[in-house]
Amino acid sequence: MSSKNRKLSYSLAINEALHQMMAKDKSVFLIGQGVKSPWYVGNTARGLLEKFGSQRIIDTPVSENAITGAAVGSAISGMRPVVVHPRMDFMLYAMDPIINQAANWYYMCGGKMSVPVVIWGIINRGGEQAAQHSQAFHGLFAHIPGLKVVMPSTPYDAKGLMISAIKDDNPVVFIDDRWLYAVEDYVPEEIYSVPIGKGIVRRKGKDVTLAAVSFMANESIKAAEELEKEGIDVEVIDLRSVKPIDRNLLLKSVKKTGKLVVADVGWKSFGFSAEVSALVCESGYLKLPVIRVALPDCPAPASRTLEKEYYPDYKKIVAAVKKILRK
Amino acid sequence: MKKYSKDFLESLYRTMLRIRFVEESFVEPIIKGEIKTACHLYSGEEAIATGICAVLTKNDCIFGNHRSHGHYLARGGSMKTMIAEIYGKSTGCSRGRGGSMHLCAPENNMLGAAPIVAGTISLALGSALASKIKNEKKVSVSFFGDGATGEGVLYESLNFAALKKLPIIFACENNFYSTHMPIKECRPNNDIYKIAQPFGIKSFRVDGNDVLKVYEVAKKSVEMCRDSNGPVFIEFLTYRLRGHVGADDNIQGTRTDIRPKSEISKWQKKDPIKKFEKYLIKNKILDTIRLTSLHKSVRKEVEKAHEFAKASPYPKESELTNYVFKE
């Protein structure tokens with residue numbers, strides 16, 4: 001059994017999930033750009049090529065459409081591939097195999113063939129990289145029937161959700177964020193699963209429900225700590241899976257608090273924060289209007305001054321909670 | 001002349017006849033509106049699916065496209081369940097969720113079909129990759145039309161297949177029309193088989209209306225793939241005797257074919273089934289009595305399949321959302 005205090009970084013937690021699942025199941029393989037590079041995908045692919053060889057660790061030309069399609073096709077014929085897109089922005093070239101093919105396949109064939117593929121997209125933003133090296137598309141993929149979308153915020157969840165995604169018989173879009181790669185926390189050494197579709201209460205509270213995902217879940221915890229100093233008791237929910245979303249957990253909390261702030265790493269309109277707001281509104285538990293903390297409906301800028309304005313942090317969440325409480 | 005067994009030649013003829021009779025059996029129900037799913041009939045192209053599938057062994061995989069009734073039948077898919085699918089019945093091969101354009105017979109490694117032009121090429125690339133990773137020596141065949149040569153993913157797939165020496169046959173059925181567009185309005189030249197050559201892929205062009213020529217080139221190609229000398233690209237010259245979709249033409253049921261009459265009648269004279277009949281009679285393989293009895297038995301089989309389909313229930317409304325995710 002693993003030591004209770006073994007710490008691992010977020011990126012190495014993903015790396016450990018890949019090592020363990022590839023050792024356990026010969027049908028698992030990793031394909032995508034940069035998987036043999038020491039830096040392209042952070043250190044998430046460390047040691048994989050040496051251990052499993054180039055038959056199962058396949059670095060590829062820049063051909064996102066065909067490579068993602070190949071991953072999907074191999075899943076249809078019995079493999080459990082993980083296809084990585086080191087920058088999610090490039091994943092848009094693969095919309096056909098992801099949406100038209102993978103997401104629809106099980107339904108289109110009346111449940112006769114499933115597509116156990118993990119489509120791993122890395123959000124790689126900041127650093128004045130501008131609009132095409134910054135985007136998070138979880139709202140877009142979560143819109144599509146047949147796709148599951150997960151976004152871990154902690155090393156524990158990163159490993160557990162990668163393992164669940166690989167074991168799942170459906171296409172799972174696994175989205176991580178380079179801003180989380182250095183975060184260190186307790187990660188069990190053995191194989192374990194974090195269930196897809198289950199969120200978690202990161203901090204219990206009674207005044208306001210703060211629902212978040214990915215990087216913004218961590219910012220939400222920081223915000224809650226700040227607010228505690230002022231006597232405001234916030235309940236922080238990290239949804240972990242965007243789709244299926246943990247509706248029960250969310251509604252249970254809002255039933256108690258009657259107030260909701262949503263914090264997202266994506267754009268405000270038509271995305272995660274819109275969906276969370278809508279389903280909470282439908283419940284009838286809200287006593288006050290929702291406030292959303294999200295990216296403005298604007299492409300990512302380059303210049304540092306604009307970037308600072310563009311990406312919300314815990315301070316914006318603190319302000320949103322205070323606004324809802326009229327403090 | 002090459003020696004083929006009588007049984008073998010008769011089975012080729014029977015397969016082509018089954019495809020033709022099934023396709024023609026849809027014309028009336030389409031015009032009457034009993035069949036609504038968009039049917040892209042394969043009449044005139046039967047020799048290609050028949051000749052290729054005659055070479056394949058049980059574990060080899062095929063992927064089809066929008067015009068895949070013939071691929072499905074030639075690969076051994078059940079006629080009854082295919083026709084039921086086209087009537088939208090719960091007994092259909094895709095349980096009424098796929099319709100004409102999403103036939104599948106995974107039990108025969110017909111792994112599916114999809115109408116996004118070139119959308120399944122990369123899926124076949126993936127099943128070929130799976131075969132290589134597992135060292136299974138199974139060959140994948142991707143069926144696509146001349147229209148697919150306008151899609152970028154084809155070239156990505158050719159490059160990757162050549163790079164990794166994958167056991168895949170790119171089977172391009174060139175019927176000279178991409179929906180309503182004649183090939184000369186889509187491509188600067190007509191030499192499709194040459195597109196794979198810059199990738200170092202062995203390429204052939206053959207008469208797609210001559211089942212024995214198709215069989216021979218497929219045999220050679222499958223052997224190459226099995227001996228790790230794949231991929232192979234084959235262009236089959238053929239013609240659809242009916243329109244792009246529906247009974248006769250682009251708009252289902254209107255019977256206003258836009259192609260020149262002289263062109264159609266020229267190709268009617270090259271009908272692959274009539275051509276093969278002449279060969280069989282000339283070489284005293286089958287006599288007219290045997291031909292007549294074959295026609296009769298296939299016609300009976302098709303009638304029975306329609307009866308089965310018509311008598312089958314539609315899917316239950318309460319089961320609309322089954323098969324979105326595999327549980």
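This is a friendly chat about a predicted model with a chain A and a chain B.

Reader: Hi! What should I know about the model and its numbering before I start?
Author: It is a predicted model, where local features need pLDDT of at least 70, side-chain atom pairs count only at pLDDT 80 or more, and totals for chains, interfaces and linings use all residues. Residues are numbered from 1 along each chain as its sequence is written, while chains are lettered from A and ligands numbered from 1 in the order in which they are written.

Reader: Thanks! How many residues does each chain bring to the contact between them?
Author: Chain A gives 37 residues and chain B gives 34 residues. Two residues count as in contact if their C-beta atoms, placed from the backbone, lie within 7 Å.

Reader: Which helix of chain A supplies the largest share of that side?
Author: That is helix 3 of chain A, with 10 residues. Helix 3 (64–76) and helix 4 (95–108) of chain A each supply at least two residues of the side that touches chain B. Helices here are DSSP runs of H or I with at least four residues, strands are runs of E with at least two, and both are numbered from the N terminus.

Reader: And what classes of residue are on that side of chain A?
Author: There are 17 nonpolar, 16 polar and 4 charged residues on the side of chain A that touches chain B. Ala, Val, Leu, Ile, Met, Phe, Trp, Tyr, Cys and Pro count as nonpolar, Asp, Glu, Lys and Arg as charged, and the others, Gly among them, as polar.

Reader: Let's look at sheets. In what order do the 7 strands of chain A's open sheet come?
Author: The order is 4-2-5-6-8-7-13, with mixed pairing. Two strands pair if DSSP finds at least two bridges between them.

Reader: Which strands stand at the edges there?
Author: Strand 4 (57–59) and strand 13 (241–243) of chain A do; each has a single partner strand, so one side of each is left without a neighbour in the sheet. On average, neighbouring strands of this sheet are turned by 20° against each other, direction ignored.

Reader: How does strand 13 of chain A run against strand 7, parallel or antiparallel?
Author: Strand 7 (residues 148–150) and strand 13 of chain A run antiparallel, joined by 2 bridges. One of the pairs is A:V149 with its bridge partner A:K243 in strand 13 of chain A.

Reader: Which helices lie on those strands?
Author: Helix 3 of chain A lies across strand 2 (28–32), strand 5 (80–85) and strand 6 (118–123), running at about 165° to strand 5 of chain A. Helix 6 (residues 155–167) of chain A packs on the sheet too, and its direction makes about 160° with that of strand 8 (172–177) of chain A. For these angles, axes are lines fitted to C-alpha atoms, for helices over the stretch in contact, and angles run from 0 to 180 degrees between N-to-C directions.

Reader: OK, switching to chain B. How do strand 7 and strand 8 pair there?
Author: Strand 7 (residues 202–207) and strand 8 (residues 232–237) of chain B pair in the parallel sense over 6 bridges. B:S203 stands opposite B:F233 in strand 8 of chain B. Between the two strands of chain B the chain passes through helix 8 (residues 211–226), and this β-α-β crossover is right-handed (with the strands pointing away from the viewer, the path from the first strand over the helix to the second runs clockwise).

Reader: Where is B:P231?
Author: B:P231 is in the loop between helix 8 and strand 8 of chain B. A cis peptide bond joins B:G230 and B:P231, with omega about -5°.

Reader: At what angle do helix 3 and helix 8 of chain B pack?
Author: Helix 3 (residues 46–53) and helix 8 of chain B pack at about 40°, with their axes 8 Å apart. Helix 3 and helix 8 of chain B are therefore oblique to each other (angles under 35 degrees count as roughly parallel, over 145 as roughly antiparallel, 65 to 115 as roughly perpendicular and the rest as oblique). The residues of this contact between helix 3 and helix 8 of chain B divide into 7 nonpolar, 2 polar and no charged.
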